[in-house]
Amino acid sequence: PKRRILYEAMIRESMKCINLGEFPLFKAYSLGKAQEAILILQKLKYPVIVGNYTTSLINEVYRKYGYDIRAYNLKDVSLTMIKEGTIFVASDKNSFGRNLKKMLGYEAKKFLGKIREIFLSGWTILSGNGIPLSGHCGYDRLLNYIKKASPSEVYFFSYDRGSEVFLSKDLKEMGIRSKFL
């Protein structure tokens with residue numbers, strides 16, 4: 001899908017969560033995808049909080065090169081900053097939860113129950129569980145590239161373990177060994 005459509009979906013999902021009294025948690029890789037998400041989500045004028053340290057470090061590099069990334073680091077957040085309308089971006093819900101508990105202690109529980117995870121991954125186009133924001137080509141173009149490159153073996157990685165099944169099966173049908181890392 002075109003970026004404009006994906007960005008509109010991110011904004012729509014954020015507003016749906018906020019209107020239901022939930023906190024959207026956009027699950028995104030720390031490098032690239034998280035910053036793209038932050039740049040879109042901060043236009044909503046709600047606080048955006050980054051839930052993992054690596055993403056915060058990468059945000060600093062983006063700022064150094066002129067990107068106007070206005071997201072708080074979870075370690076710098078107080079209880080009063082997390083209010084209705086807060087949007088979270090993190091690479092992993094579990095580490096986000098641990099980090100939130102470290103920062104807010106017992107008070108974190110009241111927020112964790114209201115978190116709605118929204119995956120940002122091209123693989124979600126297969127499951128419909130998230131927004132298919134991808135930093136690379138689509139699945140068909142990936143398979144075409146692999147076919148043209150004609151490797152004897154392909155190593156691949158994705159946070160979405162379900163993608164392992166699809167790609168392994170398709171590569172096997174093409175006569176190519178594969179290994180999920």
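## Gly130 and its loop

Gly130 sits in the loop that links α6 (124-127) and α7 (139-149); helices here are DSSP runs of H or I with at least four residues, strands are runs of E with at least two, and both are numbered from the N terminus. This is a predicted model, in which local features need pLDDT of at least 70 and side-chain atom pairs count only at pLDDT 80 or more, while totals for chains, interfaces and linings use all residues. Residues are numbered from 1 along each chain as its sequence is written, and side-chain values use heavy atoms, leaving out hydrogens and water.

With a relative accessible area of 33%, Gly130 is partly exposed (buried means under 20%, exposed over 50%, partly exposed in between, using a 1.4 Å probe and protein chains only). Leaving aside neighbours within four places in sequence, Gly130 is in contact with Phe119 and Thr124 (contact means heavy atoms within 4.5 Å).

## The sheet

Now to the strands. An open sheet of 5 strands runs in the order β3-β2-β4-β1-β5, with parallel pairing (two strands pair if DSSP finds at least two bridges between them). β3 (72-73) and β5 (115-119) stand at the edges with a single partner strand each, so one side of each has no neighbour in the sheet.

Strand β1 (residues 23-27) pairs with β5 over 5 bridges, and Leu25 stands opposite Glu117 in β5.

## Gln42, a buried loop residue

Gln42 belongs to the loop between α2 (33-41) and β2 (48-50). Its relative accessibility is 6%, so Gln42 counts as buried. Not counting residues up to four places away in sequence, Gln42 touches Val48, Asp68, Ile69 and Arg70.
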